[in-house]
Amino acid sequence: MKNAHVPTESEENTRLMNAYALEQPAAGAANLHPIWGNADVLVEQWRGELPPDGVDGILMGMRIRRIGMVIDKFIIEQCDAFGIKHHEFILLMALRRIGDPYVLRPSDILKMYSVTSGTATYRLDQLVKRDLAAREPDPKDRRGYLIRLTPHGKQSVDKILANLQMQFNDRMAPFSRIAGGLGALEAGLRLFEACLLAPESH
């Protein structure tokens, strides 16, 4: 009995690219609009305006940023249903993802979101007023305080995340049908992020 053929890396890449192409929906008129079109339109417009050499990296960045804007649109739609602003949800998400007891120091928030202390204080005040977050004494600093996600805040975040999860599962169904497709995308995005965060080479 002959040994089963093990695909080479090149063959596996070709398989994935072919599978991606087969799952591509037909482009609608909205996708091709010169102002509101998809990332293909944006990238091709910039390809015609930028110098041709060494442009691939920045164009990939523009494509990913455009996708990020689409994701933000989904998040904002879900947040609106709960009366929560996008920037508030991002802060609540930070508290939620670190796990019980869902606490951060104000300095952590400033580092994560690069906002002024005045802006951070105002945003926290709004969350506290609506019982989405609470201030409590910092046991390690008598003059300081901690920001804690309240049960109401956690419940709100979890409901929004559940809605987003269902939305993404539905939207990403074509991707999920491709064996290894999501893993390959994740590996590529991880490399892209690592390249951006690495020290400059010059």
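**View 1. Buried residues of helix α2.** In helix α2 (residues 39-49), Ala39, Val41 and Val43 are buried; buried means under 20% relative accessible area, exposed over 50%, and partly exposed in between (1.4 Å probe, protein chains only). Helices (H or I, at least four residues) and strands (E, at least two) are DSSP runs, numbered from the N terminus. The model is predicted: local features need pLDDT of at least 70, side-chain atom pairs count only at pLDDT 80 or more, and totals for chains, interfaces and linings use all residues. Residues are numbered from 1 along each chain as its sequence is written, and side-chain values use heavy atoms, with hydrogens and water left out. The buried residues of α2 pack against α3 (56-81). At the start of α2, a side-chain oxygen of asparagine 38 comes to within 3.1 Å of the backbone nitrogen of aspartate 40.

**View 2. Tryptophan 46 in α2.** Tryptophan 46 belongs to helix α2. Its relative accessibility is 38%, so tryptophan 46 counts as partly exposed. Leaving out residues up to four places away in sequence, tryptophan 46 touches Leu59 and Met62; contact means heavy atoms within 4.5 Å. The C-alpha atoms of tryptophan 46 and methionine 62 are 9.2 Å apart, and the two residues are 16 apart along the chain.

**View 3. The paired strands.** Strand β2 (residues 133-138) and β3 run antiparallel, joined by six bridges. A hairpin of two residues connects β2 to β3. Aspartate 138 has aspartate 141 in β3 as its bridge partner. Strand β1 (residues 103-104) also runs antiparallel to strand β3 (residues 141-149), with two bridges between them. Valine 103 stands opposite arginine 148 in β3. Two strands pair if DSSP finds at least two bridges between them.

**View 4. Arginine 105 and aspartate 138.** A salt bridge joins the side chains of arginine 105 and aspartate 138 (3.1 Å, N to O). This pair links distant parts of the chain: arginine 105 sits in the loop between β1 and α5 (106-113), aspartate 138 in strand β2, 33 residues apart. A salt bridge is a side-chain nitrogen of Lys or Arg within 4 Å of a carboxyl oxygen of Asp or Glu. By this rule the count comes to 13 salt bridges. Arginine 105 is partly exposed at 33% relative accessibility, whereas aspartate 138 is buried at 7%.

**View 5. Arginine 177 and glutamate 23.** Arginine 177 forms a salt bridge with glutamate 23, with the closest N and O atoms 2.9 Å apart. Arginine 177 lies in the loop between α8 (173-176) and α9, and glutamate 23 in helix α1 (residues 9-23), so the pair ties together parts 154 residues apart in sequence. Arginine 177 is exposed, with a relative accessible area of 56%. Glutamate 23 is partly exposed, at 27%.

View 6. Lysine 73 and glutamate 77 meet through their side chains in a salt bridge (2.8 Å, N to O). The two residues are four apart in helix α3, so about one helical turn separates lysine 73 from glutamate 77. An α-helix has 3.6 residues a turn, so residues three or four places apart point the same way. Lysine 73 is partly exposed, with a relative accessible area of 48%. Glutamate 77 is partly exposed too, at 39%.

**View 7. Serine 156 in α7.** Serine 156 is part of helix α7 (residues 151-171). At 7% relative accessibility, this serine counts as buried. Serine 156 touches Ile84 and Leu132, not counting residues up to four places away in sequence.

How values were computed: A polar contact is a pair of N or O atoms within 3.5 Å; within protein, one must be able to donate a hydrogen and the other to accept it, and residues adjacent in sequence count only if both atoms are side-chain atoms.
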